[in-house]
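Open your viewer and get ready to colour by chain. We will take a short walk through the model, one selection at a time.

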Amino acid sequence: MNKRALWATMVIFVALITGLFIFDVANERSPVLGLDLKGGLSVIYATTEEADADDLIAIRDLMRDQLESFGIAEPDVRVEGENIIVDLPGVTDQAEAFEALQVSGIVELRPVLQCQQTLPPTETVPGSSLPGSSVPATTSPGASVDTSVPGTTVPESEETAASAAGRSPVARGRFLAPSAAPVTTVPETTTPVDTGTGTDTGDAGETPPTTGAPEFGPPAPTTTLPPDTTGQITAPNQDGTELCVLGPAAGTGEAFERKSAAVEIDLQTGGWIVSADLRGEGQLAWNSIAQQCFNGLPTCPAAPGGRGRLAIVLDGIVQSAPTVNAQSFPGAVTISGDFTETEARDLAQTINRGAFPVQVEQQRVETVSPTAGESALNAALIAGLIGVALTLLYMIVYYRRLSLVIIAGLAVWGVLIYVLATYISRETNYAFTIAGATGIIVSIGVTVDTYIVFFERLKDEVRVGRTLRNAAPRAFNATWKTIFAANFVALLSSVVLFFLSVGSVRGFALYLGVTTICDVVVFWFFTRPLVFLLADTKWFDSSNPKSFGIGTALGGTQ
Amino acid sequence: MSVTEPRSGESTPITVTGADGRSSIGGMPIARTKTGRLLEGQTAVDFVGGRRFGLIASGLLILITVGSLFIQGLNLGIDFTGGVSWDVPSENGFGPADADEVLAQAGLSTEGARIQERSSDAGEFIKVQVGDQPEEVGTQLRQAFADSAGVDLESVDVNLVSSTWGSEVTSKAVRALLIFLALVAIYISLRFEWRMAIASIIAMVHDVLISVGIYSLFQFIVTPSTVIAFLTILGYSLYDTIVVFDRIKENEARFGTTKPPYADVLNVSMNQVLMRSLNTTISSIVPVVSLLFVGSFLMGEDTLAEFAIALLVGMATGTYSSIFVAVPLLYLFKNSDANWAGSRNSPHVIGEPLREMVVSGNMSGRRARGRAAVASQQADAVVPSLTGANTTEQAKVALSHPPRPRKKTRR
């Protein structure tokens with residue numbers, strides 16, 4: 001190995017890390033501490049109507065999912081009495097956290113009665129929205145919270161309707177029953193037009209032209225459409241290009257299996273589709289309304305395509321209003337359309353969120369003191385430092401001059417961890433918690449082990465009679481494979497835990513993964529050049545092996 | 001960890017005692033004390049011969065663990081079980097210390113309690129939460145808190161609290177674990193072999209089980225931090241086992257042609273990595289012990305103990321299981337393997353011949369050992385127990401390649 005290259009590697013690496021560290025110190029940037037260490041905000045929610053314990057638990061889980069999908073890490077969500085309490089760690093962007101929590105309305109399924117273009121005819125496709133449109137954070141005042149499902153009775157013939165015709169070619173903005181093109185032999189439903197649904201009102205030209213609608217952003221639904229008392233609402237679509245009169249809610253997002261909505265690529269058309277599973281009770285409600293739309297009944301009149309449309313509404317905004325292309329949907333639904341990936345993901349997220357059984361609203365915000373507190377962090381730091389000092393003392397006794405490499409390597413590693421922890425906790429919402437500290441304390445041992453494996457190997461090579469200069473690259477090559485394999489498994493555990501678990505486990509996994517990567521990086525960019533260079537100096541003369549811990553126990557001279 | 005060195009002399013001794021009473025192998029002097037031999041990597045512990053010790057001890061520990069889990073279960077904290085919460089106004093100077101006192105007077109453990117200061121537009125208050133208490137406790141202590149805080153009974157809110165760590169979190173973590181196990185099994189199977197994958201995963205499960213068992217046995221409170229510590233152990237255990245297996249794999253490749261008994265490969269590898277295992281254990285455990293004693297006991301931060309105990313137990317068993325569980329298992333799996341079956345019935349070497357193999361890094365197959373035995377018998381016959389360098393060389397040549405002569409270094 002070229003000496004100059006080794007020097008360059010080491011110097012550049014150390015300079016880079018030192019530079020970042022100085023930048024952090026100069027700007028007084030330090031890791032953001034988590035809820036347990038620093039305290040944070042607590043938001044208290046209450047349901048707007050009676051909810052039983054199961055509903056509250058469901059809301060708790062949904063809220064946590066929602067926060068995490070917005071990148072707010074390690075929220076502490078629990079049910080207390082009738083309230084739901086969300087403890088947020090010192091999130092960097094509190095507005096973002098509130099935004100994530102504010103859109104906690106329920107998703108409704110409503111038949112589309114009539115739609116009106118509010119802009120000069122553009123290429124609006126039903127069921128699609130303009131790119132970049134995320135779920136608006138504003139709760140529209142016009143959103144009625146009508147969760148009453150009409151008492152529809154659906155014949156039990158959904159399953160029989162499924163023929164094995166395979167998935168039909170996907171059209172734009174359509175609900176398709178996956179895996180089955182329904183046969184039309186389903187008996188006519190006796191769908192009751194109950195509670196005065198006001199089917200007449202939907203037909204008439206009640207929607208005056210609303211040319212003044214804003215082009216972008218969710219327009220306030222308090223448009224010129226007269227409100228009615230029959231459970232109908234008028235709602236714009238996401239980009240405000242269309243204003244629809246919607247029938248009463250035929251079901252809520254609870255129709256969908258929790259967290260089942262996923263984005264897929266349709267293999268036939270290559271377009272993005274959203275698929276979701278229906279669950280037991282929800283399936284009945286869904287199929288009931290779907291059938292009405294499919295047949296173009298007055299409760300869900302046929303759109304120009306010949307089929308009725310069913311809207312997915314959140315907070316008074318039509319998220320998607322595809323035409324219904326099947327009589328019944330045995331178990332699952334796919335929505336296809338001219339989606340971009342983002343749009344499809346937004347829609348899937350909306351459907352997933354839709355499982356809120358009841359509406360919740362924010363009651364108050366409290367500040368929270370830490371449970372562990374900075375004293376715990378300080379104690380952990382002091383104890384950790386004492387532990388590291390003792391470990392290093394042992395290493396000095398055992399490895400003599402080689403221990404210099406360990407001390408320098410650990411120092412570089414520590415600074416790198418600090419820099420990265422600062423970056424991560426500031427740029428993401430993964431604040432530094434006791435869990436993260438656990439990961440780091442454990443990784444001290446694993447990091448020191450890297451040196452131990454290396455040096456034990458080095459000593460073996462020297463014992464066999466090699467010079468240190470000769471032994472160093474050989475030992476490194478052998479060790480590198482071992483270290484890489486072992487650290488790879490550690491990294492694997494972090495990655496899997498990070499992507500598949502929730503809450504504090506994720507924060508821990510993140511920090512453990514970072515320390516593992518740092519270990520390998522420091523080993524390659526710092527330890528390797530340092531040992532190679534030192535092995536070539538007189539100070540590390542292999543004629544005196546005791547100076548790096550070989551033969552110290554033999555006594556006497558050889 | 002106590003390992004006894006086997007007595008030498010049961011097999012043909014190859015180590016030669018020099019005139020000054022010092023042993024040496026291939027010109028390398030052998031330390032006279034056990035510690036010295038350990039430090040110099042000159043041990044000759046018969047790990048394979050003592051495999052039953054490890055398997056039986058671990059079996060017993062797991063039996064105790066399962067028994068304890070079955071009988072008394074785990075002492076789950078408030079995050080898992082939910083509990084009771086009081087909101088006590090702190091306008092009259094009620095503080096966390098007072099809350100502690102009220103709890104202590106009521107005979108409730110403050111260990112699992114969570115006490116927070118909170119403030120909102122409505123004023124400041126202390127939120128006290130304790131886990132898993134009957135509902136009456138809520139009303140009983142409401143009066144006590146109201147008295148202590150000097151406020152009306154009505155100003156103290158009592159509520160039942162749900163768990164924050166619901167079944168969903170657990171099921172997600174379990175799913176993550178299963179996927180992780182599958183990936184690890186695939187990776188180790190590809191990088192090493194499937195038997196090693198099984199052995200290392202069993203060793204890992206063993207470590208986590210025993211750590212959980214300690215929490216059940218002593219009824220330590222399990223918090224989310226503890227669970228995280230358990231997950232850490234999982235990674236650490238695998239890490240440690242892989243380092244050991246890597247050496248075994250390397251020696252397998254190196255001696256694949258000479259075909260010594262598989263036990264020899266294991267014994268040599270284990271003795272070669274023994275010092276590394278000890279060093280790693282020390283350097284990993286010292287920070288955790290420091291956390292437990294300095295941070296938790298001396299500085300009184302109980303939260304640190306929540307995971308320090310789990311980590312301590314997990315790391316100790318992690319190193320232990322790599323040597324005493326994973327390797328014996330590997331021996332069981334592999335000894336009957338066709339590749340190593342040739343010498344299955346020949347006994348593995350112990351004592352000085354093992355030391356010789358450990359130190360020289362060379363291993364002999366059956367044939368080579370036969371030659372070595374002849375050579376050393378000849379040597380013994382010529383000069384019994386007092387031999388010079390000659391015989392050493394003779395025995396050594398029969399056993400292995402001598403180290404390459406040192407080349408002159410270029411400057």
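Start with chain A: among its contacts between residues at least 6 apart in sequence, 78% join residues at least 24 apart, a contact meaning that C-beta atoms, placed from the backbone, lie within 7 Å. This is a predicted model, in which local features need pLDDT of at least 70, side-chain atom pairs count only at pLDDT 80 or more, and totals for chains, interfaces and linings use all residues. Residues are numbered from 1 along each chain as its sequence is written, while chains are lettered from A and ligands numbered from 1 in the order in which they are written.

Of its 558 residues, 52% count as buried, with 20 or more other C-beta atoms within 10 Å of their own.

Next, select the side of chain B that touches chain A. Here 76 residues of chain B contact 76 residues of chain A. Elements giving two or more residues to this side include S3 (28-29), H1 (34-39) and H8 (224-254) of chain B. The most come from H9(B), with 15 residues.

Zoom to Val368(A), whose bridge partner in S6(B) is Arg118(B).

Finish on H10(B), where 29 of 33 residues are buried. Centre on Ser321(B) to see a bend of about 50°, the angle between axes fitted to the seven residues ending there and the seven starting there.

How values were computed: Two residues are in contact if their C-beta atoms, placed from the backbone, lie within 7 Å. Helices (H or I, at least four residues) and strands (E, at least two) are DSSP runs, numbered from the N terminus. Two strands pair if DSSP finds at least two bridges between them. A residue is buried if 20 or more other C-beta atoms lie within 10 Å of its own, exposed if 12 or fewer, and partly exposed in between; C-beta atoms are placed from the backbone.
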